[in-house]
Amino acid sequence: VSDQKPLGCWSVKHGQILTCPVVCNFETCEFIAVHDDKVLRIWKNKDINLDKVFKATLSADVYRIHSLPNGGPVVLFKGGGVRTLDVLLEAPQQEIENVISDEVIKWSEAFMEGQQPVLIFATEKDGDYFVYIQKPKMKSLHKYKLEQQELSKPLSFTAYVKNQSITLLCLYSNDSVYKVLIPLQKNTEEEEQILSKSLLVNLSVSGSVLKGTSFVVLDKDHIAVLGSLDASGKKSKECLTIWNTKFQTLQTSKHLPLGTSGQLWCHEEKFFFTHGKVLTVIMYKCETSSLAAAVGKLKDSQAPDLSSFVNWDALGDEELVVSFQSQQPLALKPESKMTLRSKSSSVSKVQPGTLSAGKLARNLQDASPAVLEDRLKKLMSEAQMPDLHAIVGYVVTALINKCKVNPYYYPKDFLLEIIQTQDLSYSLCPDLMAVALEKKDVYLLQLCLQRFPDIPEEITYACLKVFLSMSENHLKNIDLDLDSVICYIDIELNNKEVKTEIVENGFSTELEQNILDTKIPKKTPLPTEGEFCPVGLRKAALLNAVLHSAYSETFLLPHLKNLPAKEAVLFLRYLYYLYVKCSEKINTTLPGTHSPTVNQIMDWMCLLLDAHFTVMVMLPEAKELLSRLHKFVRAQVRFYSELNKIEESLRELQRLNHQRDFQTYSIEVLELI
């Protein structure tokens, strides 16, 4: 999520509908989905087509699948029946009992109690609400009825297990949250029991009332509620709020002007919710609950203020916000801040001992270029500073913003120093490569492609297009990292080509000669396609950086189709050259640092042919290249096919050699039949 990189995408056929959320089976690393209420699909990340994955048609409609880290998936049917996934797969058409009658399931959740999965769900019928607790492995079922609340009804539920009991929290339409305790150790089959509830917190403060839509539990003293804050005479505002249930106070809140879907999730001290058209992730940290903190009257200068409860700056305008605060004793173990990209407009007030990295970047923005670089270098030299990784991202952001304001300012050497010495990513400084593309700074782009793990496919394609379009003469005077090509590529001397041999044993008599004095006769016949590199040394190094960059085929292919035909042919010729080079040696590995692997070369060749095959077939200059490529691949297939035929014989020879003990020198002749 922080890198905003899609990792996989699957879709059902036209007319089919996914009818419950997809979950992951933590034990088998498989995805589980249900479409059209009864059709179960199970697949792994490497699967592409859902039509070809495991399919099972069930006998009853599924309401929800819950996946437990140590208990496996649990399936809840719309009739209230519950099965573990392994039991269900033994007989997919097994009959599922109807536990509820004329009731509609409104909410469900699953937990682990020891080694046993426990599933709880709430239903509604004619204005009455019921709670069911099932232990599928023990085949136990208990039903309860919620105590009615005058003129209000439950809108949302959440629950957690503690001390062998379930704490059920209910958000009601009267703007209040109630707590219900349900014991788990109930062995007797009693009649329907009515559950009494107690008021946990009333969602109103200073004349404003929060109309909540969903909520989550943060710890024993805090809950987060998503909803609309209504004030008399004012337009309602959609907000995310955090409430102290111990002291009945609003801890902090944030206006969400772009609107939400009304759903809120919480996982590992992070909020997840939609804000406008984006998924927003916000870090939070629960401090020790005290009356002084609840009413905003903390006197201890070492304690953070209310705004540090949640890192609201993750909603800042395309910038990351990190706290630079000294180490302090906290009741809960402090977690390192997480750097994210999202949207908002304001920066939280901070204590004198804290400083927002976003505010620091804006302060540096007003400094002169010389002062800016000097202050940034001092900032980076403080190795003990917490969150240094995020700070470096802000350093680069400050420099890039200065470049945008002043088109004549471009601290190339300083940017190169930062990228070479710090562990950055594209998401920490998303505008860096865009400015480098505008400046045609190919060396910086090369380093980014080699070091950044999360470059968008659009930027990767833009770099490829720039590299292919630049002339060899222009690149001659540019310093580049040539480690990926200097050991194996053919180099040009006096407008001629001299082939450098890859030597596996580290010695060659040809390499002992002075290559610089080598003269090739003018009447040397033209080399065959693939024998010499079609691009210069520096352009080859740049193209290798592109091959080294990670990508998703689905998102790169549309951009690759826009590559001009002439440059596409040139790129294919270079890929063919690399493929031939890899095939010269048994280990198919090119020497050097950041050299492309044979898999990367093959993947890019396939991508390029998929994107431009029609054009390649029509272009005269590409026909011969395609023909040579076809012949070379066909020869490779035949060669490996022959190797496969003797594979078992070679394994048998290896086994025999391991069994024998050669204590003296011997020569043995083995005949393959």
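1. Let's start with a word you will need: two residues are in contact when their heavy atoms lie within 4.5 Å. Keep in mind, too, that this is a predicted model. With that in hand, look at phenylalanine 467, which touches Val442, Leu445, Gln446, Leu449, Lys539, Leu542, Leu543 and Val546, leaving aside residues up to four places away in sequence.

2. Now zoom out to the largest nonpolar core, which has 85 residues. As background, nonpolar side chains in soluble globular proteins tend to be buried together.

3. Next, the rings. There are 13 aromatic pairs in the structure. One of them joins tyrosine 576 and phenylalanine 632 edge-to-face, with 6.1 Å from centre to centre and 80° between the planes. Tyrosine 576 belongs to helix H14 and phenylalanine 632 to helix H16 (residues 620-645), so this pair ties together parts 56 residues apart in sequence. Is tyrosine 576 buried or exposed? Its relative accessibility is 5%, so tyrosine 576 counts as buried, the cut-off for that being under 20%.

4. Elsewhere, Trp10, Phe31 and Trp43 are linked into a cluster by ring pairs.

5. Finally, have a look at two lysines. Lysine 143 lies over the face of phenylalanine 130, 4.7 Å from the ring centre. Lysine 197 places its charged end over the ring of tyrosine 178, at 5.5 Å from the centre of that ring.

Conventions. Residues are numbered from 1 along each chain as its sequence is written. This is a predicted model: local features need pLDDT of at least 70, side-chain atom pairs count only at pLDDT 80 or more; totals for chains, interfaces and linings use all residues. Side-chain values use heavy atoms; hydrogens and water are left out. A nonpolar core is a set of buried Ala, Val, Leu, Ile, Met, Phe, Trp, Tyr and Cys residues joined through side-chain atoms within 4.5 Å. Buried means under 20% relative accessible area, exposed over 50%, partly exposed in between (1.4 Å probe, protein chains only). Rings of Phe, Tyr and Trp (its six-membered ring) pair if their centres lie within 6.5 Å; planes under 30 degrees apart count as stacked, over 60 as edge-to-face and the rest as tilted. Helices (H or I, at least four residues) and strands (E, at least two) are DSSP runs, numbered from the N terminus. A charge sits over a ring if NZ of Lys or CZ of Arg is within 6 Å of the ring centre and within 35 degrees of the ring normal.
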